[in-house]
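Here is a short briefing for a first look at this structure. The sequence and the model come first, and the notes follow by topic.

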Amino acid sequence: MQPLNTFTIIPLLPEKLKELKTIAMNLWWSWNHDAIEMFRRLDRDLWEEVGHNPVTLLGKIRQDKLDVRAEDDSYIAVVKHVYDKLYDYLQDKTWYNRTYGDAHDVKIAYFSAEFGLTECMQNYSGGLGVLAGDHLKSASELGLPLVGVGLLYQEGYFHQYLNADGWQNEEYPKNDFYNMPVELQRDENGSPIIIGVDYPDRKVFAQIWKVTVGRIATYLLDTNIAQNNKADKTITDELYGGDTEMRIKQEIMLGIGGTRALHALGLHPSVYHMNEGHSAFLALERIAMLIDQNHLNFQEARELVRAGTVFTTHTPVPAGIDKFSPKLIETYFSNYIKRLNISMPEFLALGMQNPYDAKEEFSMAILAINLASHVNGVSKLHGKVSRKMWSSLWPDIPNEEIPITSITNGIHPGSWISKELSSLYERYLGPTWMQEPINITIWKRVEQIPAEELWRTHERRRERLVAFARRRLTDQLTKQGALHSELELAEEVLNPEALTIGFARRFATYKRATLIFHDPVRLAQIMRNKDCPVQIIFAGKAHPKDTPGKELIRKIIHLARMEDFRQHVVFLEDYDMVIARYLVQGVDVWLNTPRRPNEASGTSGMKAALNGVLNLSTLDGWWDEIYSPSLGWAIGRGEEYEDHEYQDDVESQAIYNLLEKEVIPTFYERGKSNIPRKWIELMKNSMTAISPAFNTNRMVREYTDRFYSVSEAKYSTLSENERSRAKELAAWKKRIADNWAKVKLISVTSNGKKEHVIGSEIQISTKVDLGVLDPEDVCVETYHGYISPENTVMDAAIENMVCEDCNREGVYTFNGKFMCRFSGLYGYTVRVTPKHDDLGYKHETRLIRWAN
């Protein structure tokens, strides 16, 4: 039955507690322990029942309980204290103010398909969303003039439950936006602000919700409104749900709709950051808007948009990229291309490696790469992998020069640190550690924490984790209809004093959740040692369509029921941020076993390290760039295998050897005070080295210094004088492209001999036929280095050559030199590339001419 009318009911808060609503609507509370405890004190049982949602808490709590708290002087003092902290936080000067000056307008828009902000906002699936949420939180702490943009999902990502056989099932409870910390955006008349996006034969509309994350506003689009038909209302139903066509509908709404939403709100950022390729259509909408409003052609508008666009890829394998068939692209963009004034083949070429391949699909990652001036992976190794993966987009460009760099991911300390350890940090690192999490000097004070105090704090967290795991396991077995005897066993599972290993992440097959069970007999012997017991807690979800991932979960459930593992192995269902916090704050060892190089970065191990947990991991992602024996343990030495069965044999044995020979002895070696001093030394080393480097404050500062500020300046420059420099750059690129085929290296000569002594100088001279181009249009360089066994130049150095003279036929002489600094087989060649002051990066034109 449809309602005749709708209205909103809000909680009736006593006057003395009115600040609770203000605090509840700003997710700053989610990383402030005092604020969380303030809400929990209202009604501890209800706080858990509502999933740590303060808005729902205030709506459901009995009025008499509120009235009692309103007369409780101590509680009123807590509310005032928390409110004052929030007020001071919002008013404080920030790193961005001090570094770049006051920003009165939003300059940066951060687009992501998911945001993992807190457990009561089920708008995320895993690492990508949590990283996006931590990005916003650190942007808030640093004071960036940034807004987030995404979709608000009616059902979010699925809730996981296991049947009696251990098979994953999914359920999709509906989100009630009116009882969440989100606010519907309205115009001056009080009506919801609505944006429209053209889809085939119709327009789809969306309203805009605002989530406040400290100083940062995040705008999320919602298509479940009366203006849409039944099918279009479901576009924002599920995160990563539905078929390929649903995916393109969502990504059109995210990229094009999100851009229109910002303009509808009066926000006009100059820099757009695409967190993965899902939002890449935003660049097309920016181009279309410039064409409409400023009478530019496609190439001119593209130069301007490219200057102000950043793309971060999180995917190390081509199979993980969103792709659409040309037919589907034509269905959804045949009318849209009229705004761009380009043909469909030209449009398709924007998202293809080879536009002439009829079988190739349209790639969102390639679209993003083609329309961004800054592209990065999320760890140093991932940057290297990405350069290799996308090398075909820059033919003849050496891999090390492909313009894909890296900014390693991090974590937001305040969101993942335990309350107990945070208090310990405040006592020994000082009260500013949270405001300056990248300050290495502060983190060196970890050494001052007494070993006994650090260990007791960690033991309390392990005890809490075991109690939590027992409760969760009992609850999930009860739902499965388990026998009473099984429930009794669940209440005693795990040992609060035993070495505890954690493994929690998305159950993709490459992450190899069951690798540690490769030899179950040997593992059982290790775990069941009465003097040195070991236990493992697992958690994680497989994608609903990932049957192999679900099989891994079922395998662990079956193993956990075996007598050898019953007291030592637990799988906690419905992995979320609550479970994640208990695990990274309470285990002793964080296990990570991806097949190198398939882990783009990984951040769970960073969260664990912040809490004094030691990492045991293959050398992949972030661990590859920080590992040393003083910080934890490495599985293997960074080998990559073609034979996966052999790899699993080798690396599982490596895990068992590490456990038997290093991890377990170090943990259980106790002195007179019954604390593991060598283990604590490793904990301190890990906390000191990892915490200041792998946090999102460092990461966001790096994005700001290397990308955002540069992009903003370049966008501003190209926009000057009616966008004249963007027009000039587009015209220059066309002239270069039209005439590049005529560029030839006629000859290369040198003062070379077959042998040179160290310290001698090699003089190079080359004649270049530039045709109609000028010397100012190009860069001529020597490219020299050692010669590999494959007869290629490796570890090359590059030196500019200088134009000396020219003749009337357009042939120019360029001279250069380089020094012989090392002995061995050495070689050189010469190359020509286009050059222009307004290029975003050296190989932006992707044109190069090598000497034959």
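A residue counts as buried under 20% relative accessible area, as exposed over 50%, and as partly exposed in between. Asp 165 has 31% relative accessibility, so Asp 165 is partly exposed. Keep in mind that this is a predicted model.

**Salt bridges**

- The count of salt bridges comes to 54.
- One of them pairs Arg 554 with Asp 165, with the closest N and O atoms 2.9 Å apart.
- Arg 554 sits in helix 24 (residues 547-560), while Asp 165 sits in the loop between strand 3 (159-162) and strand 4 (168-171). The pair therefore ties together parts that are 389 residues apart in sequence.
- Arg 554 has a relative accessible area of 23%, so Arg 554 is partly exposed.
- Lys 733 and Glu 303 also form a salt bridge, at 3.1 Å from N to O.
- That pair links distant parts of the chain, 430 residues apart: Lys 733 belongs to helix 29 (residues 696-739) and Glu 303 to helix 12 (residues 298-307).
- Are Lys 733 and Glu 303 buried or exposed? Both are buried.

**Where helix 21 meets helix 28**

- Helix 21 (residues 451-479) packs against helix 28 (residues 677-690) at an angle of about 85°. Their axes are 10 Å apart.
- Angles of 65 to 115 degrees count as roughly perpendicular, and helix 21 and helix 28 are therefore roughly perpendicular to each other.
- From helix 21, the contact takes in Ala 451, Glu 452, Leu 454, Trp 455 and His 458. From helix 28 come Arg 677, Trp 679, Ile 680, Met 683, Lys 684 and Met 687.
- By class, this contact has seven nonpolar, one polar and three charged residues.
- A salt bridge joins Glu 452 to Arg 677, with the closest N and O atoms 2.8 Å apart.
- Glu 452 is in helix 21 and Arg 677 in helix 28, so the pair ties together parts 225 residues apart in sequence.
- Glu 452 is partly exposed, at 33% relative accessibility. Arg 677 is partly exposed too, at 45%.

**Nonpolar cores**

- In soluble globular proteins, nonpolar side chains tend to be buried together.
- The largest nonpolar core has 87 residues. Phe 281, Phe 333, Leu 340, Phe 347 and Trp 390 touch the most other members.
- Leu 340 touches Leu 284, Ile 287, Ala 288, Ile 291, Phe 298 and Phe 347, leaving out residues up to four places away in sequence.
- Another core, of 78 residues, lies apart from it, and includes Trp 416, Leu 421, Leu 591 and Ala 634.

Technical notes:
Residues are numbered from 1 along each chain as its sequence is written. This is a predicted model: local features need pLDDT of at least 70, side-chain atom pairs count only at pLDDT 80 or more; totals for chains, interfaces and linings use all residues. Side-chain values use heavy atoms; hydrogens and water are left out. Axes are lines fitted to C-alpha atoms, for helices over the stretch in contact, and angles run from 0 to 180 degrees between N-to-C directions. Helices (H or I, at least four residues) and strands (E, at least two) are DSSP runs, numbered from the N terminus. Angles under 35 degrees count as roughly parallel, over 145 as roughly antiparallel, 65 to 115 as roughly perpendicular and the rest as oblique. Contact means heavy atoms within 4.5 Å. Ala, Val, Leu, Ile, Met, Phe, Trp, Tyr, Cys and Pro count as nonpolar, Asp, Glu, Lys and Arg as charged, and the others, Gly among them, as polar. A nonpolar core is a set of buried Ala, Val, Leu, Ile, Met, Phe, Trp, Tyr and Cys residues joined through side-chain atoms within 4.5 Å. Buried means under 20% relative accessible area, exposed over 50%, partly exposed in between (1.4 Å probe, protein chains only). A salt bridge is a side-chain nitrogen of Lys or Arg within 4 Å of a carboxyl oxygen of Asp or Glu.
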